[in-house]
Each structure stands twice: as C-alpha cells, then as structure tokens.
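User: Hello! Could you walk me through this structure, one question at a time?

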2 protein chains.
Amino acid sequence: MTDPRLSELAHLLPELKISTDPGDLEHHGRDWTRRWTPEPLAIAWPSSIEEVQGVVRWANAQGVAVVPSGGRTGLSGGAVAANGELVLSLDRMNRVLGFDPIDRTLTVQPGIALEAVHNAARERGLLYPVDFAARGSCQIGGNIATNAGGIRVIRYGNTRQWIAGLKVVTGTGDVLDLNRGLVKNASGYDLRHLVIGSEGTLGIVVEATLSLTSPPPPSQVMLLAVPAMDALMKVFAEARHRLRLEAFEFFTDRALHHVLAHGAQRPFDETHPFYVVTEFDAADERAEADALAFFEFCLGEGWVVDGAISSSEGQAAALWRLREGITESLAPHKPYKNDVSVRISAVPAFMAEMQDLLSAEYPHFDVVWFGHIGDGNLHINVLKPADLDNAVFVGQCEHVTSMLVETLARHGGSISAEHGIGLVKKPWLGSVRSEVEIALMRGIKAVWDPNGIMNPGKLL
Amino acid sequence: MTDPRLSELAHLLPELKISTDPGDLEHHGRDWTRRWTPEPLAIAWPSSIEEVQGVVRWANAQGVAVVPSGGRTGLSGGAVAANGELVLSLDRMNRVLGFDPIDRTLTVQPGIALEAVHNAARERGLLYPVDFAARGSCQIGGNIATNAGGIRVIRYGNTRQWIAGLKVVTGTGDVLDLNRGLVKNASGYDLRHLVIGSEGTLGIVVEATLSLTSPPPPSQVMLLAVPAMDALMKVFAEARHRLRLEAFEFFTDRALHHVLAHGAQRPFDETHPFYVVTEFDAADERAEADALAFFEFCLGEGWVVDGAISSSEGQAAALWRLREGITESLAPHKPYKNDVSVRISAVPAFMAEMQDLLSAEYPHFDVVWFGHIGDGNLHINVLKPADLDNAVFVGQCEHVTSMLVETLARHGGSISAEHGIGLVKKPWLGSVRSEVEIALMRGIKAVWDPNGIMNPGKLL
C-alpha cells in the first residue's frame with residue numbers, strides 16, 4: 001500500500017480493513033458482467049456507518065471515486081471498478097440489527113444476503129416477499145440500489161414497496177435517517193424513494209428497515225400449454241380474475257427445448273408454442289376447485305390445450321424447474337441476453353414485432369423468450385449459432401440491441417425492467433428517459449454528490 | 001384585468017379562462033384552513049397540458065408565483081394563495097382519458113374528484129382503493145401532491161402505491177412523462193416518487209395513470225370495547241394474524257361521548273376506555289367463523305370486554321358511523337386538531353406520555369384521540385372549554401403543539417401523517433427532517449424550479 005492516498009485512509013481510519021491484493025482487486029472489482037477489466041485502487045471493508053462516512057469524506061478530500069459493492073450479482077456493470085476507484089464493500093456489515101413484531105419490521109445492515117433476510121423473517125413467522133435466483137449471494141443493499149424485482153412482483157411489488165426506513169451516507173459523507181419505519185409520513189420529499197433504484201450514484205445504503213408480511217397460504221403450481229400469444233393474454237386475465245396469483249410466468253417452445261436438452265422431464269407429449277407456469281393460493285378445497293374451474297374454462301375456450309397441476313411440493317418444484325432452469329440451460333450457448341419491459345397489454349404486439357424483425361434479419365438465430373407476463377417483463381436470449389464466429393455474433397447482437405431499443409420505444413417500454421442501467425445500458429438511457437428527465441437526474445446527483453465521487457460513470 | 005401581466009397572459013393564451021372576480025379570488029385562494037386571507041393575483045383554469053405549460057412559462061417570464069389548486073380540501077394550507085400568486089385551478093381538466101383492462105389502469109386528468117375515480121373503476125368491475133372522507137370534493141392531483149392516505153392504508157397503502165404513470169409540468173414549463181404505466185422499470189431515479197407528496201413545489205401533476213385492483217370480497221365490521229391501550233395493541237396483532245383486515249380504527253371514550261351527544265346510538269350499556277372498529281374479509285362461513293374465534297379468543301384473554309358484529313350492510317354502516325362521525329361531532333367545539341404518526345409499536349408509549357403532559361398542564365382540556373392504529377396514525381383533538389377565551393385557548397394550543405412536536409421527536413414520529421406540511425406545519429419541519437435532508441430538498445427544488453415560482457413558501 002504505497003499509494004499516499006491509501007496511507008492517508010489507513011491513518012484516518014485505523015480499524016478499516018483495506019486490501020490492494022491483486023486477487024481482491026480482481027474479485028471485488030467486478031460484477032456478473034465480464035466486459036470490463038477490474039482495476040480498482042483498493043478494496044475497503046467498513047464495519048460501521050461511521051467508517052463508511054469516513055471513507056466518503058476521505059474520497060471527497062482526495063478526489064477518489066467510490067464504487068459501493070454488495071454481492072456483485074448485477075448484470076449491468078453497476079458495481080464494476082475499472083478506473084482506479086475505491087471499492088467500498090459492505091460484506092462486513094451483514095447483521096440483523098432488530099425486529100419488531102408489532103411493526104413487523106426487520107432492521108438489517110446492507111451487506112446481508114437476501115436469503116439470510118428470508119430466513120430471518122421465516123424464523124419470526126413472517127415473510128420478506130421479494131425473491132429471485134441470486135438470493136444466495138446478492139445483498140439487500142444492492143437490491144435496494146436497483147429496486148430489485150423477481151418472480152413474485154405480480155403479488156408483492158418490487159423491493160421499493162418493502163422499505164420502511166433507510167439510512168444512507170450521501171456523496172458528502174452525511175448520514176440520512178429516512179422515514180424511520182413510519183407507515184404514514186407526509187413531511188416533504190420522500191428521499192427514501194429517490195435512493196431506491198439510484199444504483200449507488202447518490203449515496204450508500206448503510207441500514208434498512210424492511211417491512212415483513214404474513215406468509216401466504218399453501219399454494220399450487222399449474223403448467224399450461226398455450227397455442228398463441230393472444231390466448232396467453234386471455235389466460236392471464238382469467239387467472240388474475242379467478243385466482244389469487246403468486247406468480248404468472250411464460251416461456252416459449254424454444255426455451256422448453258433447451259431445458260429438456262439440459263435434463264428436465266418433458267411435461268406433455270406434444271410441443272406447443274407457449275407455456276405458462278403459474279402459482280396461486282390453494283388454501284382449501286374451494287380454492288382447488290376454483291383452480292380446476294379456471295383450467296376447464298380456458299380449455300373450453302381453446303386458450304389452453306394441455307395442462308398439469310401440482311399435488312405435492314415435489315411436483316410443484318418439478319414444474320417450476322421448467323421455468324427456472326432456462327437460464328442455466330442456455331448458458332453453454334453464450335447467449336446475448338436482455339431484460340426489458342412494456343406495459344402488460346403491449347406484450348403481444350411488442351413480441352410479435354420484435355420476432356418479425358429478428359426472423360427477417362437473422363433467420364438463423366435461435367431466439368428464446370421467457371419472463372414475467374404479469375408485470376410486462378420479458379427476457380430475450382439470442383443463442384450464438386455454433387458455426388458463427390464470436391466477433392461476428394457480438395457485432396450482430398449490437399444491431400439486435402438497436403432493433404430492440406427502437407421497438408421498445410415504439411411500444412412505450414423500458415430497456416431495463418429490473419437489471420438497472422449501470423454501464424451496460426447507459427448508451428440507451430435516452431431511449432427510455434427524456435432529455436429533460438436526464439438533466440433533472442444530473443441536477444439531483446449534483447446536489448447529493450457535488451464532487452461526483454459516487455459510482456461515477458454509472459447510470460448517468 | 002388591468003394588470004399588464006394578466007393582459008400578457010391573456011394575449012399568450014387566448015383560450016385560457018382567467019378571472020379576477022373578488023368572489024373567485026376568495027373561493028379559489030384558500031383551502032379548508034381558514035387562517036390566511038386569500039389574496040391571489042388571479043385564477044386561471046387551463047384546459048390542456050399545453051395551457052398549463054404556457055401558464056408556467058409566462059409565470060417564469062413575469063416572476064409570478066403559481067399555486068396549483070385542486071379540490072382545496074387540504075388542512076395544511078398547501079393550496080393557499082395569500083401573496084399575489086396566480087392560482088392554477090385544475091377544475092376543467094377532470095376527465096377520464098383511458099382505461100386498459102389488461103393493464104388494469106385508468107388514465108385521468110388531475111382535476112377529477114376521487115369519488116369520480118372510484119365510480120369509474122367500479123363501472124369497469126375494479127377498485128381504486130385509496131379512500132377518505134373528502135372523496136366527493138378532493139381531486140386526484142391533490143391526492144398525489146400530498147400522497148393521500150385514509151382509512152384503507154393498512155390493506156392498500158397510500159396513494160403512492162397506485163400511481164403507475166404521471167405527467168408533470170415542471171417549474172420550467174417542461175412536461176415529463178414518468179414511468180408510462182410500466183410495472184417494472186429500472187432506468188434511473190424514479191422521479192414519479194419524488195413528485196408524489198411534493199405539495200406542488202416541484203411541478204404540477206397534469207395526468208395520472210392509476211393502477212386498479214380487484215374489488216375485495218364481502219366484509220364484516222366489528223366493534224370492540226377494550227379496557228386498556230396495551231390490550232388494544234394485542235387485539236390489533238391478533239386481528240392482523242387471524243383476519244384479512246380492510247381497516248383497524250380506534251377511538252377513545254371521549255370520542256364516543258361526543259358522537260353519542262351528536263345523535264349516534266349507544267352501542268354498549270357500559271362505557272369503556274377504548275373502542276375499535278375493524279373491517280375484514282368475510283367471504284364465506286369459514287371466514288365468519290374465524291372472526292368469531294378471534295373475538296372469543298380476545299374476550300378470553302381479557303383484551304376485549306364487549307363487542308358487536310355486523311350482519312347486514314346497514315349494521316356495518318351504523319358501526320362505522322361511530323368512528324366516521326367523530327370529526328363532525330367535534331366541529332361545534334372548534335377543536336385544536338393535529339394529525340401525527342409514530343411507528344405502530346410506539347403508539348401506546350407516545351399516547352400515554354402525551355396524555356400525561358396534557359393532564360398535568362391542562363387538566364381542564366377535553367382531549368379526544370382517534371385514528372388508524374394499523375398505520376400508527378393518530379388524530380388528536382383538543383376541545384375549547386366553553387368558558388375559556390378563544391385567544392387564550394389559541395395561545396395554549398400553540399404550547400400543545402410544542403409539547404406534541406417534542407414528544408413525537410422523542411418517539412421517532414412525524415408531525416404530519418397524511419395532511420402534508422404546507423404552511424401550517426412548516427415551522428416544525430425541522431423536528432421530523434434533519435438539516436441535511438432539508439438542504440437536499442431545497443437543492444432538488446432549485447433543480448426543478450430554478451426561479452422558485454412553484455407554490456413558494458409551502459413545505460420549504
């Protein structure tokens with residue numbers, strides 16, 4: 001640690017754990033994206049709010065940029081440090097600080113893993129309902145910084161809805177204690193909601209008070225084979241009307257093809273264009289009868305041509321595997337991926353138009369669609385043809401992105417549903433936010449972080 | 001209209017309805033507060049987003065302040081124009097613009113009354129769930145500007161949760177089209193949430209896309225007599241655990257006294273310190289059995305000493321009247337009122353401490369408490385003793401406010417649960433928001449409204 005700036009930091013905060021070990025720099029200098037070469041100045045692991053403040057004040061004085069770092073499971077490069085930044089890792093601030101059974105709130109440090117939050121809630125007979133695949137390694141601070149969504153948004157909303165209080169260290173090193181767990185608090189701008197989803201560009205989440213809820217009743221899972229997209233939307237509307245939905249996911253025949261090739265068990269004899277996996281409350285016989293009536297109605301209308309329903313937890317898990325195994329089954333094909341959203345009602349027209357563009361321009365591409373119909377969130381994956389040169393494929397995928405951006409704009413959609421903007425999507429921010437909005441965001445950032453040290457280059 | 005600034009406005013926007021009639025100035029220059037003398041420059045009724053933009057641009061050029069004006073049912077002076085401002089009334093922009101059954105969204109102009117939104121949703125088989133007493137005259141734009149709450153927050157949250165899209169004219173006259181009805185959209189700072197609750201100080205809501213939901217199943221209403229505050233909190237926790245609550249309201253014996261004096265029917269022979277009115281789903285016999293089991297359990301524990309349950313809509317309305325009639329029954333006593341919140345778990349200690357302070361200092365005051373226990377929102381009313389001079393009473397009430405502010409601060413509460421800050425609570429903003437938070441709010445306002453023309457003097 002010969003850099004005089006780091007010597008100064010170690011002098012100011014003698015208890016602060018700091019590393020310039022090359023392995024640490026590489027490991028903590030990036031997220032799940034692999035596009036940038038990590039090159040941070042150092043990694044720091046504060047263990048208290050005061051140490052976080054100390055680091056930020058030092059960074060302001062020394063003109064060093066700070067990259068807040070959680071589980072680094074992001075897919076948009078929001079936690080990449082490739083330009084001599086100090087990575088501020090929250091790994092050591094990972095404890096449960098408190099629980100209140102009347103408020104039904106759990107107060108945690110930002111470095112706690114999402115799964116540990118789930119467990120802490122469950123141990124207290126309650127539920128923290130935001131859930132997605134990275135639960136084991138992602139941290140709640142990162143969930144808040146990206147307003148993480150996942151598979152239960154149709155029932156429970158995004159992370160935003162579960163944040164009752166937030167402590168934040170701003171870009172000037174001040175600590176804010178926002179909302180303090182209140183349910184009703186009409187006392188000026190809700191800065192809590194400004195921080196949620198700000199990707200570490202305004203400040204660092206150093207403590208969160210999470211709202212918990214009652215666990216849902218027992219549920220059932222249904223798999224449906226659907227002949228067409230317009231039928232799928234009708235099935236969705238009918239399901240939402242008749243059942244109490246926990247999830248409503250779809251995937252295409254191409255997705256099923258890859259999951260089956262990866263070892264899953266074929267659910268139906270025939271193949272079908274679309275499949276739905278839906279989970280819903282099934283507390284009693286009446287609810288189960290409702291589910292059956294829903295299925296038979298859809299069958300009668302011709303919206304559904306085959307189906308399976310879980311009658312045990314094992315069967316439920318097997319049906320879910322068909323949807324949850326998709327990403328893993330595609331990984332060997334090094335797919336181009338994107339995570340986008342449109343209004344729910346715009347899904348069929350957007351998908352059809354995008355599919356037509358792709359078929360016309362790249363008929364040899366294997367395009368796999370899946371996602372959360374119930375919140376208009378689609379994941380598109382384009383697989384590299386085995387015989388295509390990687391560099392050529394990457395170039396073609398850039399063109400796919402342009403087509404996607406333009407098609408989304410025509411349908412009022414967003415280039416990022418739940419992964420954030422980070423570095424990856426920054427070139428296209430202007431397709432979803434107006435110039436005036438971006439100017440307002442820059443203005444707000446300048447108020448919170450006048451020296452521009454908080455995660456610079458990300459998002460804005 | 002001899003003011004040259006108004007002549008210029010009429011010249012720029014020939015279709016704009018403008019009035020300087022003294023009756024209009026007085027009527028539209030204030031809200032439900034009666035503390036300030038209305039003295040606006042004029043009232044303008046734009047009929048389009050373009051006209052709103054034109055007014056704001058004119059205001060910037062002329063240095064005239066603009067007070068956005070909805071149903072003017074506010075209790076914090078947020079819509080008062082007492083300093084030569086132009087009142088921008090949204091009364092003419094009151095139409096439903098669109099409905100999408102798949103997205104379950106209703107797009108409306110800002111001047112539509114909350115009750116008209118309820119009706120529009122109901123006609124489409126759906127529910128807009130935010131509800132409170134001013135529904136007939138308050139406007140959705142004002143609801144958004146104050147993040148209005150009400151009696152169903154325990155089930156449905158505040159207004160914030162139901163805003164899927166927002167068009168806003170900023171302090172510079174630019175129009176923002178925020179979020180556009182998307183469920184998932186992780187593309188930078190969520191400016192929509194910054195506008196919600198900003199009390200017209202950042203811009204003017206000119207269109208809103210509201211999320212709707214399924215109507216709840218049939219419900220029942222239960223009235224409970226409760227011997228003590230700690231028992232009341234246990235009853236609440238038990239009810240939340242066993243029933244699917246729509247509302248959980250409480251009031252004191254003093255509140256019941258005034259409602260009965262105002263003509264309501266006595267529910268129980270004995271009097272009791274506290275009463276609860278709770279409404280919950282009762283879709284079938286099983287749910288009704290659950291409710292009975294809950295009641296008997298509370299009775300067995302001694303947390304409840306008497307009770308009544310509705311078996312018809314008329315009975316439900318009669319039980320609700322005991323809670324909803326309180327405000328009207330107190331009005332003749334010209335009460336000092338305040339609307340405050342603490343965390344739910346802090347309610348008993350806060351109320352006890354405040355009641356002790358009041359009893360010690362003002363033993364002759366009739367203090368009436370009621371409110372929404374389920375969201376920590378308490379309404380305190382102090383009645384003027386008949387023989388006390390009004391000016392003396394007002395002076396003593398200022399001291400009550402000081403005691404309230406200090407007690408709230410000790411318990412981490414807020415001086416405004418759902419009424420906003422406006423002019424009335426501005427002196428105490430610093431008790432609930434830190435200096436750094438207020439500085440950030442001012443900085444954000446300067447970005448959105450560089451000339452300070454948007455509702456100046458309110459909130460900040």
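Predicted model: local features only at pLDDT ≥ 70, side-chain atom pairs only at ≥ 80, totals over all residues.

User: What is the bridge partner of A:Gly98 in β6(A), and which residue stands opposite A:Phe99?
Analyst: Both residues look across to β6(A). A:Gly98 has A:Thr107 as its bridge partner. Opposite A:Phe99 stands A:Leu106.

User: Which residue in the hairpin of β5(A) and β6(A) takes a positive phi?
Analyst: Four residues lie between the two strands of this hairpin. The positive phi is near 55 degrees, and the residue that takes it is A:Arg104.

User: What is the strand order of the open sheet of five strands in chain A, and which strands stand at the edges?
Analyst: The pairing in this sheet is antiparallel, and the order is β5-β6-β9-β7-β8. An edge strand has a single partner strand, so one of its sides is left without a neighbour in the sheet. On average, neighbouring strands are turned by 15 degrees against each other, direction ignored. The edge strands of chain A are β5 (96-100) and β8 (175-178).

User: Which helix of chain A lies across β7, β8 and β9 of chain A, and which helix of chain B packs on the sheet?
Analyst: The helix from chain A spans residues 49-62 and runs at about 40 degrees to β7(A); this is α3. The helix from chain B spans residues 435-448 and touches β7 and β8 of chain A.

User: What rotation superposes chain A on chain B?
Analyst: The superposition has an RMSD of 0.0 Å, with 0.0 Å of shift along the rotation axis. That is the relation of a two-fold axis. The same surface serves both copies, since 100% of the contact residues of chain A recur in chain B. The rotation is 180 degrees.

User: Which residues of helix α9 of chain B are buried?
Analyst: This helix runs over residues 253-261. Its buried residues are covered by elements of chain B including β11 (245-252), β12 (274-281) and α11 (313-324). Just after the helix, B:Gly263 takes a positive phi of about 115 degrees. The buried residues are B:Ala255, B:Leu256, B:His258, B:Val259 and B:Leu260.

User: How many aromatic pairs are there over all chains, and why is the pair of A:Tyr156 and A:Trp162 edge-to-face?
Analyst: The structure holds 18 aromatic pairs over all chains. The ring centres of A:Tyr156 and A:Trp162 are 6.2 Å apart. A:Tyr156 is buried at 9% relative accessible area, and A:Trp162 is buried at 10%. Planes over 60 degrees apart count as edge-to-face, and the pair qualifies because its planes stand at 65 degrees.

User: Is B:Phe297 buried or partly exposed?
Analyst: Its ring forms an edge-to-face pair with B:Trp303, with centres 5.7 Å apart and planes at 80 degrees. B:Trp303 is buried, with a relative accessible area of 14%. Buried means under 20%, and B:Phe297 has 29% relative accessibility, so this residue counts as partly exposed.

User: Which residue has its charged end over the ring of B:Trp45, and which lies over the face of A:Phe297?
Analyst: At B:Trp45, the charged end sits 4.3 Å from the ring centre and belongs to B:Lys17. At A:Phe297, the distance from the ring centre is 4.7 Å, and the residue is A:Arg242.

How values were computed. Residues numbered from 1 in each chain as written. Chains lettered and ligands numbered in written order. Heavy atoms only, no water. Phe/Tyr/Trp six-rings, centres within 6.5 Å; stacked < 30°, edge-to-face > 60°. Buried < 20%, exposed > 50% of the residue type's maximum accessible area, 1.4 Å probe, protein only. Lys NZ or Arg CZ within 6 Å of the ring centre and 35° of its normal. Contact = heavy atoms within 4.5 Å. Least-squares fit on C-alpha atoms with pLDDT ≥ 70 in both. Pairing = 2+ DSSP bridges. Axes fitted to C-alpha atoms, helices over the stretch in contact; angles between N-to-C directions.
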